[in-house]
Amino acid sequence: MALTLYVDTARWRAHQQMVIQQFPGIVPVCKGNGYGFGHERLAEEAARIGTDILAVGTTYEAARMKDFFSGDLLVLTPFRRGEEPVPLPDRVIRSVSSVDGVYGLVNARVVIEVMSSMKRHGVTEEDLPKLHAAIENVRLEGFAIHLPLDRTDGLDAVEEVIAWMDRLRAARLPLHTMFVSHLKAEELGRLQQQFPQTRFRARIGTRLWLGDHDSTEYRGSVLDVTRVAKGDRFGYRQQKAASDGHLVVVAGGTSHGVGLEAPKALHGVMPRAKGVARAGLATVNRNLSPFVWAGKQRWFAEPPHMQVSILFVPSDVLPPQVGDELVAHLRHTTTQFDRLLDR
């Protein structure tokens with residue numbers, strides 16, 4: 001009995017091909033938990049589509065991925081002096097976001113990140129004159145810019161990249177390759193047309209692996225179903241059942257990521273109102289689970305356990321049977337499955 005990720009492989013791969021065609025020279029990204037599929041599976045997919053490079057999040061991920069992927073590995077987390085040394089092959093490319101970082105990577109292959117409107121990390125315009133001497137002792141693979149997802153001030157993404165291209169050109173720095181993130185295919189085309197001597201390579205993870213939501217589905221197996229009457233005590237905390245119904249034990253708990261959710265940025269009155277409502281229900285131990293039965297997401301009977309969750313199904317709904325599978329609406333980047341099945 002397991003929490004299973006089902007993949008409609010033909011459909012999933014068809015979506016990959018569509019994205020690859022839209023973004024020539026794409027750099028697939030495999031970081032974190034491998035977008036829910038795992039590092040080894042995405043390494044296989046990257047090799048299948050024939051990419052020469054795969055981006056990973058950290059040096060520790062690169063150390064694992066080197067055994068699964070034979071091409072170049074681009075580490076997205078910037079190098080910092082004093083970081084724990086991790087043995088890596090020469091085909092690993094390090095991101096750098098400071099002049100000091102470039103000096104700290106003598107003879108290494110590097111990509112230099114510039115400071116975008118994200119304001120997360122990157123070299124600044126004032127740093128550019130200092131880069132001439134710094135890059136003499138490294139193998140420069142190109143520059144990179146990581147753009148925000150939302151642009152509430154109306155600033156055009158292409159214009160932001162163009163501004164940096166102009167700064168780099170004015171500083172007489174090499175512009176043979178620019179790695180970009182969070183651009184549309186049309187925006188990438190505009191840049192390539194304006195700078196034909198530069199190769200633009202889009203680093204893409206979510207859109208590539210998770211862009212077709214209907215190609216994947218999580219399901220948890222039902223392990224037990226127990227009838228309860230109003231007032232019956234149950235669970236770790238021995239709460240009382242609020243009404244007659246059934247307790248449904250389903251595979252999928254905190255070790256899988258069930259019940260764990262990353263904070264969301266809420267925009268607009270309605271999403272904020274729903275957020276307030278959910279918070280209010282949580283204060284009285286009413287939390288909606290990701291598991292669906294009879295067309296509705298069912299409430300947790302109590303907080304999820306390590307490997308299972310206990311749901312409450314009211315008496316007016318026919319309960320599932322042991323062995324049935326319940327669809328679960330889970331976030332790929334925070335979920336660990338027991339097994340993956342292609343179909």
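The side chain of Ser181 reaches the side chain of Arg203 in a polar contact of 3.0 Å. The model is predicted. Eight strands form an open sheet with parallel pairing. The largest nonpolar core holds 87 residues.

**Ser181**
- Ser181 sits in strand β8, which covers residues 177-181.
- Ser181 counts as buried because its relative accessibility is 3%, and the cut-off for buried is under 20%.
- Beyond its neighbours within four places in sequence, Ser181 is in contact with Ile145, His146, Leu147 and Arg203.

**The sheet**
- The strand order is β2-β9-β8-β7-β6-β5-β4-β3.
- Strands β2 (27-28) and β3 (53-56) are the edges, and each pairs on one side only.
- Strand β6 (residues 109-114) pairs with strand β7 (residues 139-146) in the parallel sense, over six bridges.
- Glu113 has Ala144 in β7 as its bridge partner.
- Helix α6 packs on the sheet and touches β6, β7, β8 and β9 (199-204).
- The direction of α6 makes about 145 degrees with that of β7.
- As a general point, strands of a sheet pair through backbone hydrogen bonds, either parallel or antiparallel.

**Val96**
- Val96 belongs to strand β5, residues 92-96.
- Val96 counts as buried because its relative accessibility is 0%.
- Not counting residues up to four places away in sequence, Val96 touches Phe79, Gly101, Val102, Leu105, Val110, Val111, Ile112 and Glu113.
- Val96 and Gly122 are 26 residues apart in sequence, and their C-alpha atoms are 7.6 Å apart in space.

**Nonpolar cores**
- In the largest core, the residues with the most contacts inside it are Phe37, Leu131, Phe143 and Phe200.
- Helix α6 (residues 157-170) gives the most to this core, with seven residues.
- Leaving aside neighbours within four places in sequence, the contacts of Phe37 are Leu5, Val7, Trp12, Leu42, Trp209, Leu210, Thr216, Phe337 and Leu340.
- A second, separate core has nine residues, among them Val228, Ala241, Leu247 and Ala301.
- In soluble globular proteins, nonpolar side chains tend to be buried together.

**The annotated domain**
- An unreviewed UniProt entry places the feature "domain: Alanine racemase N-terminal" at residues 11-153.
- Over residues 11-153, the chain is 29% helix and 20% strand.
- The end C-alpha atoms of residues 11-153 are 37 Å apart.

Conventions: Residues numbered from 1 in each chain as written. Predicted model: local features only at pLDDT ≥ 70, side-chain atom pairs only at ≥ 80, totals over all residues. Heavy atoms only, no water. Core = buried A, V, L, I, M, F, W, Y, C linked by side-chain atoms within 4.5 Å. Buried < 20%, exposed > 50% of the residue type's maximum accessible area, 1.4 Å probe, protein only. Helix = DSSP H or I, 4+ residues; strand = E, 2+ residues; numbered from the N terminus. Contact = heavy atoms within 4.5 Å. Polar contact = N/O pair within 3.5 Å; in protein donor to acceptor, adjacent residues only side chain to side chain. Pairing = 2+ DSSP bridges. Axes fitted to C-alpha atoms, helices over the stretch in contact; angles between N-to-C directions. UniProt positions renumbered as here; feature names shortened; annotations may be inferred.
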